[in-house]
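Work through these exercises with the sequence and the model side by side. Try each task before you read its solution.

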Amino acid sequence: MAELASPAGPLPHIPDDLTLAQFTLDTQHPSRPIRKEGIPWIIEDHSGKKLGLEELRARTFGLANGLSLRYNIKEGDVVLIYSPNHLDYLVTVWAAHRLGAIISGANPLYTTDELVYQINATTAAVLITHPESFEVALSAATLTNMPANRVILFDTDAPTKTAVANQCTVQSLITIGLAQQPNFVERRLNPGEGKTKVAFLNFSSGTTGKPKAVAIPHYAPIANTIQLAAHHKMNEDYCDWEERRIRPGDVCSAVLPLYHIYGLVFNTHFSFFCGMPVVLLTKKFNFLEFLNSISRHRITHLMVVPPQVVLLCKHPVVKEYDFSHVRYLTIGAAPLSRELMERLVEIFPNAHIGQSYGTTESCTVITTFPLSKKRDLSGSGGQLIPGVVARVVRPDGSLADFDEPGELVAKMPSLALRYEGNPEATAETFVDGWLRTGDEVKMNRDGEIFVLDRIKEMLKVRGYQVAPAELEGCLLDHPDVADTCVVSIQDDYSGELPLAFVVLHPEAAKRAASDSQSAEQIKQSIMKHVADNKVSYKKLAGGVEFIESIPKNPSGKLLRRVLRDKARAMKPKSKAKL
């Protein structure tokens, strides 16, 4: 039966009496390598500005003291960050933790209504934002009765607009805090308290419904960092130095959003633990600038999401770059096809390449590709990391066999506590210490997980289950397809049929725009491509619709529900037969 503890090795001690700030900035762990002398912690990509440990610690104390002095931020208060990546983003996280407060990160693309929802859901005490997001932040604050003076701005080099000139800034709070005597006493946690004291209220991605506040204790990101270190045998002499996957002094690109768990834990805190500086991209994502950043900073380690992989594999400018210095690349957030993985090997010839899998509720990584595979092109989401026990469960609740599809249910030390304020959803997802992931997977005897799709997103065509991600992988192999998302449409005969929303490559888009006959020919070619490569019930019987872009959240997950709603509004109930 498909229940297995990680075969990746034993799990070292995880301290349960530290906050994340204390663990990251103040303590040494046996699994943690010694950082090389003079190696910075954070490098801002566009400016090259570098921050080392002592400056980060000083800024963290100054901001904590400033927040205490001016706003009386204290234990249990929520500090909400509504901003893209910023040099002081993590300083804000650690400052809140020094005070015993909780951090909640909001998507900087949120509308006023979406931000209002998160402010209300967290009862935030202050809102820290970027000047470019100030108008939305102020509007949301007004609608939630938060005083305007509790909207605090990150500092930027851009000219200050009149509307924000009088707002309190993070730098001003740091300056005040460093100039004054401490107004707070940093509390030390009791043994075991790290497992229950909330550090983050991170919001689920909302791919299938309204986002939920995931209550994550301090112990969870600490545990996941140590689990990842154990998986990668940090501080162990397991192979020649040149072949080690992660080494102190390697350089990691931090392109992922810090409000998302992937960027917050795996991309940054794990990198810090490993002695790697992170090159923080603080500008709006631009693919060409991303490529230049990899080259300019001699990035060795990349943690990316599928939309970035599609660009790497399909954008013509990539061939102009030499990425032989890149030594590690992992992809999370959604499964990738073997074809795209093989293309990555061509682009990054010297890199360890594979996929990783995790959720907000698991406080990031559940699986990542094993050390035994330099390049895992199998389509696996990776191997269970130390400390994880996993089951694959059939719809009737019984255990599936190995290599049989079912829902992944897992137990791990990094498990979140609950959905804050949502006992019904909590009871459905967190069951007796186990996490019901809601993901349809297969697991082999080596503890490798193959993610098929979200269970709630699985199509059922004439009784057969069809995974949208499988069809999307096939569609991306068509030469005219730049990006795609498959959703279901209702059908009287088949129950559901697959419909593909497709973003065309520019040349194909020009042909499609020239006349309706060319557009129809492209659609038929795409549908034939799927029909030629998939079993009959997986054909795109719902059709193909062209779209300018596929909606995604910044972690790279498809917002399938958005296009599902669009499809249902656009198309009458289908009566097609296969």
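**Exercise 1: a covered strand**

Task: Is strand β15 (residues 364-368) mostly covered or mostly open?

Solution: Strand β15 is mostly covered, with five of its five residues buried. Buried means under 20% relative accessible area, exposed over 50%, and partly exposed in between, with a 1.4 Å probe and protein chains only. Strands here are DSSP runs of E with at least two residues, helices are runs of H or I with at least four, and both are numbered from the N terminus.

Some ground rules apply. This is a predicted model, where local features need pLDDT of at least 70, side-chain atom pairs count only at pLDDT 80 or more, and totals for chains, interfaces and linings use all residues. Residues are numbered from 1 along each chain as its sequence is written, and side-chain values use heavy atoms, leaving out hydrogens and water.

**Exercise 2: partners of β15**

Task: Which strands does β15 pair with?

Solution: Two strands pair if DSSP finds at least two bridges between them.
- Step 1. β14 and β15 run antiparallel and are joined by four bridges. Thr359 stands opposite Thr364 in β15.
- Step 2. Look at the hairpin of β14 and β15. Four residues lie between the strands, and Cys363 takes a positive phi near 50°.
- Step 3. β15 and β16 also run antiparallel, joined by two bridges. Here Thr368 stands opposite Gln383 in β16.

**Exercise 3: a buried helix**

Task: How many of the eight residues of helix α13 (residues 468-475) are buried?

Solution: Seven are buried, so α13 is largely enclosed by the rest of the structure. Among them are Pro468, Leu471 and Cys474.

**Exercise 4: confidence**

Task: Where does pLDDT stay under 50?

Solution: pLDDT is the predictor's confidence in each residue, from 0 to 100. The value stays under 50 over residues 573-578. For the protein chain, the mean is 92, and 96% of its residues reach 70 or more.

Note on methods:
Contact means heavy atoms within 4.5 Å.
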